Amino acid sequence: MTTVSERDVQLLRDALGPLRDREQIAERLLDSSAKHSFDPDKELDWDAPAEDGKWFWPPELVSLYDTPLWRKMSEEQRVELSRHEAASLASLGIWFEIILMQLLVRHIYDRPVTSNHVRYALTEIADECRHSMMFGRMIKWGGSPDYPVPRVYHNLARVLKTISTTPGSFAATLLGEEILDWMQRLTFPDERVQTLIRGVTRIHVVEEARHVRYAREELRRQMVTAPRWERELTRVSCGEAARVFSVCFINPRVYENVGLDRHEAVAQVKASGHRAEVMQSGAKRLTDFLDDIGVLNGVGRRLWKSSGLLA
């Protein structure tokens, strides 16, 4: 297999322009990490009680919003659903971050340990450790159960972690980060939402911006330099990951736990034009990027459309 040197990569470009130097990108991200990193255990008031009447997630981002079932629900039941959906999303976030940490460790295993690129990857892994602990603590603070993904997808992720190629790993990373990031950017300034949850989302947004930059730049590099078979596999695996992500996004047990009929609720979410618009809006920045760099081609594009994340 032909390899591409770092010097050669600097001379290459994709639809977005010239590829940037990997070490320079990592150096900037390390500087940002030094200035804008947080310790959630100290930054947030975990002893503060939940505030009466406040949402745990913006109502417009709750899955049943503006459905016939939503209109029948009391305000108290709607807020309760937001509490459970916030816990479901935090559980999904922990699952993704644990996968991401393992993929990052694999990515740097054969790379120079003194490089900025490896040093930043280790910094990001430390960030993700804190995020996972923060999300777990948030679920416990809110008093709802955790919501693990269905066992079949939990085990499917074991396969992903074993066979994923480098570009496939970074494409999956962006899928797990960017849609939730879009929702959290709407959440942390929303004064209708619980103060602690706004604090959790603020920390996550600030630190995830670096993670997204790292993953985007590396995926661009990989889609230019990887062999054709690897690029084709990335298109398919990314599309399948989008399908799984959309299925697992909200655990349907949340509906049962607030006294709703699970099957009716799931059917109304699937039929909701508002929900489709929310999910596609959350994914649009990512899908535009993936389209520009050639990930959304062929079978992969069809899988993305079937996921409901791409119009």
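# Reading features of a helical model

User: Where is the place of I163?

Analyst: I163 has its place in helix 7, residues 151–163. A helix is here a DSSP run of H or I with at least four residues, a strand is a run of E with at least two, and both are numbered from the N terminus. This is a predicted model, in which local features need pLDDT of at least 70 and side-chain atom pairs count only at pLDDT 80 or more, while totals for chains, interfaces and linings use all residues. Residues are numbered from 1 along each chain as its sequence is written, and side-chain values use heavy atoms, with hydrogens and water left out.

User: Does one say buried or exposed for I163?

Analyst: The general idea is a scale of relative accessible area, on which buried means under 20%, exposed means over 50%, and partly exposed lies in between, with a 1.4 Å probe and protein chains only. I163 counts as exposed because its relative accessibility is 59%.

User: Which residues make the nonpolar surface patch?

Analyst: Patches are made of residues with over 30% relative accessible area and no salt bridge, where like charges are joined within 9 Å and nonpolar side chains (Val, Leu, Ile, Met, Phe, Trp, Tyr) within 5 Å. The areas themselves come from the Shrake-Rupley method with a 1.4 Å probe, and for residues only the protein chains shown count as cover. In this structure, L156, V159 and I163 make a nonpolar surface patch of about 270 Å².

User: What should helix 8 span, and how far apart are its end C-alpha atoms?

Analyst: The expected span of a helix is 1.5 Å times one less than its number of residues. Helix 8 (residues 166–187) has 22 residues and should therefore span 32 Å, which agrees with the 32 Å between its end C-alpha atoms. Helix 5, with 34 residues, reaches 49 Å from its first C-alpha to its last, close to the 50 Å expected.

User: How many salt bridges does the structure hold?

Analyst: A salt bridge is a side-chain nitrogen of Lys or Arg within 4 Å of a carboxyl oxygen of Asp or Glu. The structure holds 24 of these salt bridges. An α-helix has 3.6 residues a turn, so residues three or four places apart point the same way. E218 and R221 are three residues apart in helix 9 (residues 195–225), which means that about one helical turn separates them. Their side chains meet in a salt bridge at 3.9 Å, N to O, and both E218 and R221 are buried. In helix 10 (residues 228–248), E232 and R235 also lie three residues apart, about one turn, and their side chains meet at 2.9 Å, N to O. Here E232 counts as partly exposed at 38% relative accessibility, whereas R235 counts as buried at 11%. Salt bridges that share partners also join D14, R20, R213, E217 and R220 into one network.

User: How many disulfides does the structure hold?

Analyst: A disulfide is a covalent bond between the sulfur atoms of two cysteines. The cut-off used for the pair of sulfur atoms is within 2.5 Å, and the structure holds zero disulfides. C238 is buried, with a relative accessible area of 3%, and its sulfur is 15 Å from the closest cysteine sulfur, in C248, which is too far for a bond.

User: What is phi of D66 near?

Analyst: Most residues other than glycine have a negative phi. D66, in the loop between helix 3 (40–43) and helix 4 (68–72), has a positive phi, near 65 degrees. D66 is partly exposed, with a relative accessible area of 45%.
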